[in-house]
Amino acid sequence: MLNARKKILKEKDAQPTDLELEVAKALFDIEVSPSSDIKADVRDISIAKAEDMEVKNRVALVVHTPFKVWKSVKKIQGRLIRELEKKFNKKHVILVAKRTMMDKNTVKNGFLAQGFKDITTHFRLPSSPPTVFFTMINARKKILKEKAVQPTDLELEVAKALFDIEVSPSSDIKADVRDVLICKAEDMEVKNRIALVVHVPFKAWKSVKKIQGRLIRELEKKFNKKHVIFVAKRTMMDKNTVKNGLKFRPRNRTLTSVHESILEDVVAPSTIVGKRTRISVDGSKLLKVFLDPKDKDKENMESKLATFSAVYKKLTTKDAHFSFGEA
């Protein structure tokens, strides 16, 4: 342990953790192993920090190395990761260089240029298979949120499912899925079933519409027993738009137009062939929507009618009844 302790580079008075001592010992064991082909390079390697990160049902071991030894690490990074993963069973090992970031006031403080490297450039493994950790990083890019807003577990699951389709060699829609983003995902209870409603930024809606039917089928396979519905995120403007400085209110930003668009989104990939509004004696309204009868036997559409009603009610607060028109 004394020799292993030399492989940990810490600030004065800072004590290494048990995990860091374990990593240092593992490195020392590789260094003194007569059968190791990387022992000569491991002699120059030290660590600054080691930490466990939980990634779903797995733990990732992230090892931070001082930047001055990063060149030695990069030479044997792939083989070193394999050796450490053998010693730390069931953990994905990631090696990261410890870099210093400088803020925008660098020039004012006497430096000639700002030195900054994105943390994502550290996560490069030579000839190493993608792990759950990397998949979640790439999947996270498919979620478009406002600053400081963290995605929910469900949104991360949907993003990961989309990323899996994107990288699947057998998928015929992977090229189109690259442009698909989500901004929200939520579960809605519909009688004895749960509907998964995925909200898509309007700028990505064109890409979704091209493959909506096939994309719904793929996600319903991954989210078993859930009806999947895609809805575009649209912005409504009230009647005071002109007073607020705009010349006119676009037709597609009115309440009526947005609700009509949501109705079309909800029933996709089926199409609406007719609509009728029934007004009761008490003044309540019920919208009767007739879908294309050709779609009746496709993709379990008949079993989704109750889901359409519940989701449309949740999104617009309006009652609607869905059925198939006469052929």
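Predicted model: local features only at pLDDT ≥ 70, side-chain atom pairs only at ≥ 80, totals over all residues.
Leaving aside neighbours within four places in sequence, which residues is Gln212 in contact with?

**Figure 1. The whole chain, before zooming in.** The protein chain has 12 helices and nine strands. It runs to 327 residues, and buried residues make up 43% of them. If you count contacts with a separation of 6 or more, 57% of them come from residues 24 or more positions apart.

**Figure 2. Close-up of Gln212 and its contacts.** Gln212 sits in helix α10. With neighbours up to four places away in sequence set aside, the residues in contact with Gln212 are Trp205, Phe230, Asp265 and Ala268. Gln212 has a relative accessibility of 4%, so it counts as buried, the cut-off for that label being under 20%.

**Figure 3. Helix α7 packing against helix α10.** Helix α7 (residues 153–167) and helix α10 (residues 212–222) have axes 11 Å apart and pack at an angle of about 115°. Their crossing is right-handed. On the α7 side, the contact uses Ala161, Leu162, Asp164 and Ile165, and these meet Leu215, Glu218, Leu219 and Lys222 of α10. Sorted by class, the contact of α7 with α10 comes out as five nonpolar and three charged residues, with no polar ones.

**Figure 4. Strands β5 and β6 side by side.** Strand β5 (residues 193–201) pairs with β6 in the parallel sense, and eight bridges hold the pairing. One spot to look for is Val200, whose bridge partner in β6 is Ala232. Strand β6 covers residues 226–233, and seven of its eight residues are buried, so the rest of the structure largely encloses it. When you follow the side chains, keep in mind that in a regular strand they alternate between the two faces of the sheet.

**Figure 5. A three-stranded open sheet.** The strands of this open sheet come in the order β1-β2-β3, and the pairing is mixed. β1 (49–55) and β3 (91–98) are the edge strands; each has a single partner strand, so one side of each lacks a neighbour in the sheet. From one strand to the next, the twist averages 25°. β1 and strand β2 (residues 58–66) run antiparallel and are joined by seven bridges. Within that pairing, Lys49 has His64 in β2 as its bridge partner. Helix α2 (residues 18–32) packs on the sheet and touches β1, β2 and β3, its direction making about 110° with that of β1.

**Figure 6. Helix α2 meets helix α5.** The helix that packs on the sheet, α2, has a helix partner too. The axes of α2 and helix α5 (residues 77–87) cross at roughly 115° and come within 11 Å. α2 passes α5 in a right-handed crossing. From α2, the contact takes in Ala26, Leu27, Asp29 and Ile30, while α5 supplies Leu80, Glu83, Leu84 and Lys87. By class, the contact of α2 with α5 holds five nonpolar residues, three charged and no polar.

Figure 7. Val42 belongs to helix α3 (residues 39–42). Is Val42 buried or exposed? Its relative accessible area is 0%, so Val42 is buried. Not counting residues up to four places away in sequence, Val42 touches Lys7, Leu27, Ile30, Glu31, Ile76 and Leu80. Leu27, Ile30 and Leu80 also turn up among the residues that make the contact of α2 with α5.

**Figure 8. The aromatic pair.** The structure holds one aromatic pair. Phe308 and Phe322 make up the pair, in an edge-to-face arrangement with 5.8 Å centre to centre and 70° between the planes. The two residues are 14 residues apart and link distant parts of the chain, with Phe308 in helix α12 (residues 305–316) and Phe322 in strand β9 (residues 320–324). Phe308 counts as buried because its relative accessibility is 2%, and Phe322 is buried too, with a relative accessible area of 3%.

Note on methods: Residues numbered from 1 in each chain as written. Heavy atoms only, no water. Pairing = 2+ DSSP bridges. Helix = DSSP H or I, 4+ residues; strand = E, 2+ residues; numbered from the N terminus. Axes fitted to C-alpha atoms, helices over the stretch in contact; angles between N-to-C directions. Contact = heavy atoms within 4.5 Å. Left-handed = near helix turned anticlockwise from the far one by under 90°. Nonpolar A, V, L, I, M, F, W, Y, C, P; charged D, E, K, R; others polar. Buried < 20%, exposed > 50% of the residue type's maximum accessible area, 1.4 Å probe, protein only. Phe/Tyr/Trp six-rings, centres within 6.5 Å; stacked < 30°, edge-to-face > 60°.
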